[in-house]
Structure formats: structure tokens, C-alpha cells
Amino acid sequence: MENCKFRAKCKKVGTENCNRICYPYVFLHGIDGNSGFLATRNVPNKYSDNMFDNLPIEADNPQVYRAVKGYIENIIERVQGANRGIFFTGTTGTGKTTVAITILNEYLLARCIQHLSGVKKIETNPVLFMKMSEFQNVYNSQFRGGSDMQNKASNSYYNMKEQMMKVDLLVIDDIAMRGLPEGFMNEMYEIIDCRATEDMTTI
């Protein structure tokens with residue numbers, strides 16, 4: 001399968017067993033090629049295929065490129081062991097989101113390989129990308145419209161919040177792009193504090 005993320009690491013490539021019913025392919029991509037764990041990362045389509053081998057920052061920012069390379073070479077240990085967060089700063093358009101999602105995608109791939117090898121099982125998606133404005137909009141929607149609409153929005157919000165607090169690797173994008181009301185800021189503090197206390201990695 002040409003779009004399979006396992007192509008670079010799989011011994012089945014080019015054989016009759018490389019097809020849509022291959023278990024690792026279905027596990028990651030889904031039976032239709034558009035579901036599986038890849039579909040539930042919440043990653044925008046623009047960044048969906050970001051991997052280290054196509055990371056476009058080597059010429060413009062070799063220092064960051066080398067740091068990302070070192071991180072990805074030991075990504076399971078970095079995310080599951082050291083559990084230190086990463087905070088990227090800089091102006092818009094400098095590649096922060098690209099780098100963060102590349103790390104997220106590489107960890108998901110490594111984690112799926114770990115699962116398929118029988119080392120450590122996956123029960124839910126171990127990664128999640130969340131744009132701050134998206135999360136804040138879901139939070140705000142709890143206080144708009146009628147009671148049914150508010151209840152539905154509240155369920156969506158708390159499901160999202162719970163997922164953010166539990167995934168192995170959480171990427172929060174544009175965390176300082178706009179001012180945050182106190183109530184929402186307290187919610188974000190709870191998430192980040194919980195992840196830090198529980199030794200979970202956040203970018």
C-alpha cells in the first residue's frame with residue numbers, strides 16, 4: 001500500500017501480503033484507509049503526512065532539525081520515560097506546528113509498532129493534537145443556546161478534556177495567540193497541571 005505509514009519499516013512491502021487487509025495497515029489507517037488511529041489524532045489535513053523524512057526545516061533551522069532528529073531517534077523513551085514537555089516559541093510561520101505534529105506522528109507510528117510487537121498494548125489513541133482556539137470554542141459553546149444544545153456541548157467539552165488529560169502525547173497549538181477568560185484559563189491549568197503531575201508529555 002503506497003500510503004501506508006509502515007512502508008519504510010515493513011518486510012511485507014512489495015509482497016502479496018501488502019494490501020488493505022493487512023492488520024498493521026488496518027490498525028493505523030482503518031479498513032477504508034481513512035480511519036484507524038490516524039483519523040482520531042485531530043491533526044489538520046495540511047499536516048497529516050508530516051514525518052521526519054519530509055521535515056522541511058533542515059536548511060533554515062539546522063539546530064532545531066538536529067534536536068528533533070535526536071528526539072525522534074529515541075521517541076518512545078523521550079515520551080514515555082523522560083516525560084519532559086516542549087514549549088516552542090517564535091513568530092507565526094516559523095514551523096512550530098510542523099515540528100510538533102511531526103513528533104506526534106512519529107510517536108504514533110512508534111507506539112503502534114510497539115503494540116504490534118506485543119510490548120505495550122494500545123487501548124485508545126495515544127496522541128492528540130488540539131488547537132487552542134478550537135478547544136476554547138467548544139468550551140464557550142456550553143453557555144450558548146438552549147439547554148439541550150448546552151448539554152450536548154458540555155458532553156463534547158468534557159470528553160475532549162478527558163482525552164487531553166489521558167493521552168501519552170498531547171500537542172496544544174497556538175496556546176498564547178489570544179487572551180483567555182479566567183474560567184477557561186483555570187480549565188487549561190487543570191489539564192496541564194494534571195499532565196505534569198502524572199508525568200505525561202505535552203508539547
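In which sense do β2 and strand β3 pair, and over how many bridges? They pair in the parallel sense, over two bridges, with β3 covering residues 201–202. Before going further, a word on conventions: this is a predicted model, in which local features need pLDDT of at least 70 and side-chain atom pairs count only at pLDDT 80 or more, while totals for chains, interfaces and linings use all residues. Residues are numbered from 1 along each chain as its sequence is written, and side-chain values use heavy atoms, with hydrogens and water left out.

Strands and helices here are DSSP runs numbered from the N terminus (E, at least two residues, for strands; H or I, at least four, for helices). Two strands count as paired if DSSP finds at least two bridges between them.

Five of the five residues of β2 are buried, so β2 is largely enclosed by the rest of the structure. In a regular strand the side chains alternate between the two faces of the sheet. In β2 both faces are covered, with L169, V171 and D173 buried on one side and L170 and I172 buried on the other. Strand β1 is also largely enclosed by the rest of the structure, because four of its five residues are buried.

Let's turn to the aromatic rings. A pair of aromatic rings is described by the distance of the centres and the angle of the planes. Here, rings of Phe, Tyr and Trp (its six-membered ring) pair if their centres lie within 6.5 Å; planes under 30 degrees apart are stacked, over 60 edge-to-face, and the rest tilted. By this rule there are nine aromatic pairs. One of them is edge-to-face, joining F27 and F37 at 5.0 Å centre to centre with 75° between the planes. This pair links distant parts of the chain, 10 residues apart, since F27 sits in helix α1 (residues 23–29) and F37 in helix α2 (residues 36–39). Both F27 and F37 are buried.

A tilted pair is formed by F135 and F184, with 5.6 Å between centres and 55° between planes. F135 belongs to helix α6 (residues 132–140) and F184 to helix α8 (residues 182–197), so this contact ties together parts that are 49 residues apart in sequence. F135 is buried at a relative accessible area of 0%, and F184 is buried at 0%. Both rings belong to one aromatic cluster made up of F135, Y139, F143, Y157, Y158 and F184.

Charged side chains come next. Side chains of opposite charge can pair when their charged atoms come close. A salt bridge here is a side-chain nitrogen of Lys or Arg within 4 Å of a carboxyl oxygen of Asp or Glu, and by this rule the count comes to seven. In one of them, K131 meets D174, with the closest N and O atoms 3.1 Å apart. That pair links strand β1 to the loop between β2 and α8, 43 residues apart. K131 is partly exposed at 27% relative accessibility, and D174 is partly exposed at 31%. K131, D173 and D174 are linked in a network of salt bridges.

Where does K161 find its partners? E187 forms a salt bridge with K161, the closest N and O atoms being 2.9 Å apart. E187 lies in helix α8 and K161 in helix α7 (residues 147–166), so the pair ties together parts 26 residues apart in sequence. K161 also meets E190 in a salt bridge, at 2.8 Å from N to O. K161 counts as buried at 6% relative accessibility, whereas E190 is partly exposed at 37%.

How values were computed: Buried < 20%, exposed > 50% of the residue type's maximum accessible area, 1.4 Å probe, protein only.
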